[in-house]
Amino acid sequence: LLVDRSTLADAPADPDASVEARWYEKAAVGAFHVLIASLGLGAAVVTFLKVSIHPGLLLGAYFSLAAFAFAVIYQFAKRTDS
(Lines give C-alpha, C1' and ligand atoms only; values in the text may rest on other atoms or scores of the structure.)
Protein backbone atom coordinates (compact mmCIF):
# COMPACT_ATOMS: atom_id res chain seq x y z
CA LEU A 1 0.00 0.00 0.00
CA LEU A 2 1.51 3.31 -1.09
CA VAL A 3 0.34 6.73 0.03
CA ASP A 4 1.12 9.99 -1.74
CA ARG A 5 2.78 12.36 0.70
CA SER A 6 0.86 15.32 -0.68
CA THR A 7 -2.41 13.76 0.53
CA LEU A 8 -1.29 13.70 4.18
CA ALA A 9 -2.09 16.79 6.24
CA ASP A 10 0.98 17.06 8.49
CA ALA A 11 3.57 15.19 6.44
CA PRO A 12 6.95 16.95 6.36
CA ALA A 13 8.09 18.13 2.95
CA ASP A 14 11.56 16.64 3.40
CA PRO A 15 11.48 13.68 5.83
CA ASP A 16 15.26 13.21 5.55
CA ALA A 17 15.75 16.61 7.17
CA SER A 18 13.56 15.79 10.18
CA VAL A 19 14.86 15.55 13.72
CA GLU A 20 13.97 11.85 13.79
CA ALA A 21 16.18 11.28 10.74
CA ARG A 22 19.09 12.92 12.61
CA TRP A 23 18.48 10.68 15.63
CA TYR A 24 18.38 7.64 13.34
CA GLU A 25 21.63 8.67 11.65
CA LYS A 26 23.41 9.19 14.98
CA ALA A 27 22.19 5.83 16.25
CA ALA A 28 23.19 4.01 13.05
CA VAL A 29 26.70 5.50 13.09
CA GLY A 30 27.12 4.78 16.79
CA ALA A 31 25.89 1.18 16.47
CA PHE A 32 28.25 0.66 13.53
CA HIS A 33 31.20 1.83 15.62
CA VAL A 34 30.17 -0.45 18.49
CA LEU A 35 30.00 -3.39 16.07
CA ILE A 36 33.38 -2.65 14.52
CA ALA A 37 35.03 -2.49 17.95
CA SER A 38 33.27 -5.59 19.28
CA LEU A 39 33.99 -7.60 16.13
CA GLY A 40 37.69 -6.77 16.43
CA LEU A 41 37.82 -7.64 20.11
CA GLY A 42 35.74 -10.76 19.55
CA ALA A 43 38.03 -11.94 16.76
CA ALA A 44 41.06 -11.45 19.00
CA VAL A 45 39.47 -13.37 21.88
CA VAL A 46 38.38 -16.26 19.65
CA THR A 47 41.80 -16.42 17.99
CA PHE A 48 44.07 -16.18 21.01
CA LEU A 49 41.97 -18.12 23.51
CA LYS A 50 41.02 -20.75 20.92
CA VAL A 51 37.36 -20.49 21.90
CA SER A 52 34.94 -22.65 19.94
CA ILE A 53 31.51 -21.08 19.52
CA HIS A 54 28.60 -21.96 17.28
CA PRO A 55 28.36 -19.43 14.39
CA GLY A 56 24.59 -19.01 14.82
CA LEU A 57 25.02 -18.13 18.48
CA LEU A 58 27.81 -15.70 17.65
CA LEU A 59 25.81 -13.97 14.91
CA GLY A 60 22.77 -13.79 17.20
CA ALA A 61 24.88 -12.17 19.89
CA TYR A 62 26.25 -9.59 17.45
CA PHE A 63 22.75 -8.84 16.15
CA SER A 64 21.51 -8.37 19.71
CA LEU A 65 24.46 -6.10 20.48
CA ALA A 66 23.79 -4.00 17.38
CA ALA A 67 20.08 -3.69 18.14
CA PHE A 68 20.74 -2.78 21.77
CA ALA A 69 23.43 -0.24 20.86
CA PHE A 70 21.14 1.34 18.25
CA ALA A 71 18.24 1.61 20.71
CA VAL A 72 20.38 3.11 23.48
CA ILE A 73 22.09 5.64 21.22
CA TYR A 74 18.77 6.60 19.58
CA GLN A 75 17.19 7.28 22.96
CA PHE A 76 20.25 9.23 24.09
CA ALA A 77 20.15 11.37 20.93
CA LYS A 78 16.43 11.90 21.37
CA ARG A 79 16.84 13.07 24.97
CA THR A 80 19.79 15.35 24.27
CA ASP A 81 18.10 17.07 21.31
CA SER A 82 14.76 17.54 23.08
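Guide: Let us start with S38, which lies in helix α1. Helices here are DSSP runs (H or I, at least four residues), numbered from the N terminus. The model is predicted, so local features need pLDDT of at least 70 and side-chain atom pairs count only at pLDDT 80 or more, while totals for chains, interfaces and linings use all residues. Residues are numbered from 1 along each chain as its sequence is written, and side-chain values use heavy atoms, with hydrogens and water left out.

Visitor: Why is S38 called buried?
Guide: Buried means under 20% relative accessible area, exposed means over 50%, and partly exposed is in between (1.4 Å probe, protein chains only). S38 has a relative accessible area of 17%, so S38 is buried.

Visitor: Which residues is S38 in contact with?
Guide: Leaving aside neighbours within four places in sequence, S38 is in contact with Y62 and L65; contact means heavy atoms within 4.5 Å.

Visitor: Which are the buried residues of α1, and what do they pack against?
Guide: They are W23, A27, G30, A31, S38 and G42, and the buried residues of α1 pack against α2. On the other helix, the buried residues of α2 are Y62, A66, A69, Y74 and A77, and these pack against α1.

Visitor: How do you know what span is expected for α1?
Guide: The expected span of a helix is 1.5 Å times one less than its number of residues. α1 has 30 residues and reaches 44 Å from its first C-alpha to its last, close to the 44 Å expected. α2, with 27 residues, reaches 39 Å, close to the 39 Å expected.

Visitor: What follows α1?
Guide: K50 does, and its phi is positive, near 50°.

Visitor: Why are Y24 and F70 called an edge-to-face pair?
Guide: Rings of Phe, Tyr and Trp (its six-membered ring) pair if their centres lie within 6.5 Å; planes under 30 degrees apart count as stacked, over 60 as edge-to-face and the rest as tilted. By this rule the count comes to 3 aromatic pairs. Y24 and F70 are 5.3 Å apart, centre to centre, with 65° between the planes, so the pair is edge-to-face. The pair links distant parts of the chain: Y24 is in helix α1 (residues 19–48) and F70 in helix α2 (residues 55–81), 46 residues apart. Y24 counts as exposed at 53% relative accessibility, while F70 counts as partly exposed at 24%.

Visitor: What makes the pair of F70 and Y74 stacked?
Guide: Their rings lie 6.0 Å apart, centre to centre, with 25° between the planes, so the pair counts as stacked. F70 and Y74 both lie in helix α2, 4 residues apart, about one turn of the helix. Ring pairs link W23, Y24, F70 and Y74 into a cluster.

Visitor: How do you know that K26 and D81 meet in a salt bridge?
Guide: A salt bridge is a side-chain nitrogen of Lys or Arg within 4 Å of a carboxyl oxygen of Asp or Glu. The side chains of K26 and D81 meet at 3.6 Å, N to O, so they qualify. K26 lies in helix α1 and D81 in helix α2, so the pair ties together parts that are 55 residues apart in sequence. The structure holds 1 salt bridge. Both residues are partly exposed: K26 has a relative accessible area of 41%, and D81 has 35%.

Visitor: Which residues form a nonpolar patch on the surface?
Guide: V45, V46, L49, V51, I53 and L57 do, with about 500 Å² of accessible area together. Patches are made of residues with over 30% relative accessible area and no salt bridge, with like charges joined within 9 Å and nonpolar side chains (Val, Leu, Ile, Met, Phe, Trp, Tyr) within 5 Å. Accessible areas come from the Shrake-Rupley method with a 1.4 Å probe, and for residues only the protein chains shown count as cover.

Visitor: Why does L49 count as exposed?
Guide: L49 is found in the loop between α1 and α2, and its relative accessibility is 60%, so L49 counts as exposed. V51 lies in the loop between α1 and α2 as well, but at 39% V51 counts as partly exposed. Not counting residues up to four places away in sequence, V51 touches V45 and V46.

Terms used:
Helix = DSSP H or I, 4+ residues; strand = E, 2+ residues; numbered from the N terminus.
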